[in-house]
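I opened this model to look up its charged side chains. My plan was to go through the pairs and note where each partner lies.

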Amino acid sequence: MLRTYCSKPNVELEKLPESLQEDYANKRSPHNGKIQLGLEQGYNLLNDLGDRLGQIYQQQGDRIRNVLAVRHNSLFAHGLHPISSSEYQQASEVILEFIDAGMAVVVAVRESQPVQFPKNMNFN
């Protein structure tokens with residue numbers, strides 16, 4: 001759905017519903033004039049557009065942010081702390097739960113719009 005409203009890496013303001021345009025116009029960078037969204041902001045936009053994946057992120061957002069904070073403060077990112085086994089297990093569970101829920105939404109959308117093969121072929 002984001003592809004409808006964004007051309008990487010810029011949100012095309014005129015494609016957003018009018019009710020969202022002012023909020024997202026305020027996110028425009030003074031440096032390059034683009035509206036560039038981070039990971040969480042992208043999910044927030046999906047939620048604002050009524051997309052089910054954005055809604056799932058909103059429901060699970062606190063748990064995901066907590067796991068991302070552990071990663072952020074770890075040796076794997078910007079911090080100096082190793083990730084413990086229990087932290088890894090918790091992160092794995094949270095992220096896999098989000099992925100499973102997201103995939104169920106994406107697959108359900110694709111399956112609701114089956115491909116129609118041609119019924120006949122004309123070679124004129």
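Entry 1. I note at the start that the model is predicted. I began with Arg65, which is partly exposed at 33% relative accessibility. Arg65 forms a salt bridge with Glu40, and their closest N and O atoms are 2.5 Å apart. I then checked where the two sit: Arg65 is in helix α4 (residues 52-72) and Glu40 is in helix α3 (residues 39-48), so the pair ties together parts 25 residues apart in sequence. Glu40 is partly exposed too, with a relative accessibility of 30%.

Entry 2. I looked for further partners. Glu40, Asp62 and Arg65 are linked in a network of salt bridges.

Entry 3. I moved on to Arg63. The side chain of Arg63 meets that of Glu97 in a salt bridge, at 3.2 Å from N to O. This pair links distant parts of the chain, since Arg63 is in helix α4 and Glu97 is in helix α5 (residues 85-111), 34 residues apart. I wrote down 37% relative accessibility for Arg63, which is partly exposed. Glu97 is partly exposed at 36%.

Entry 4. I looked up Lys15 next. Lys15 forms a salt bridge with Glu12, with the closest N and O atoms 3.1 Å apart. Glu12 has 16% relative accessibility, so Glu12 counts as buried, the cut-off being under 20%.

Entry 5. I ended with the total. How many salt bridges does a search of the whole structure find? The search finds four.

Methods. Residues numbered from 1 in each chain as written. Predicted model: local features only at pLDDT ≥ 70, side-chain atom pairs only at ≥ 80, totals over all residues. Heavy atoms only, no water. Buried < 20%, exposed > 50% of the residue type's maximum accessible area, 1.4 Å probe, protein only. Helix = DSSP H or I, 4+ residues; strand = E, 2+ residues; numbered from the N terminus.
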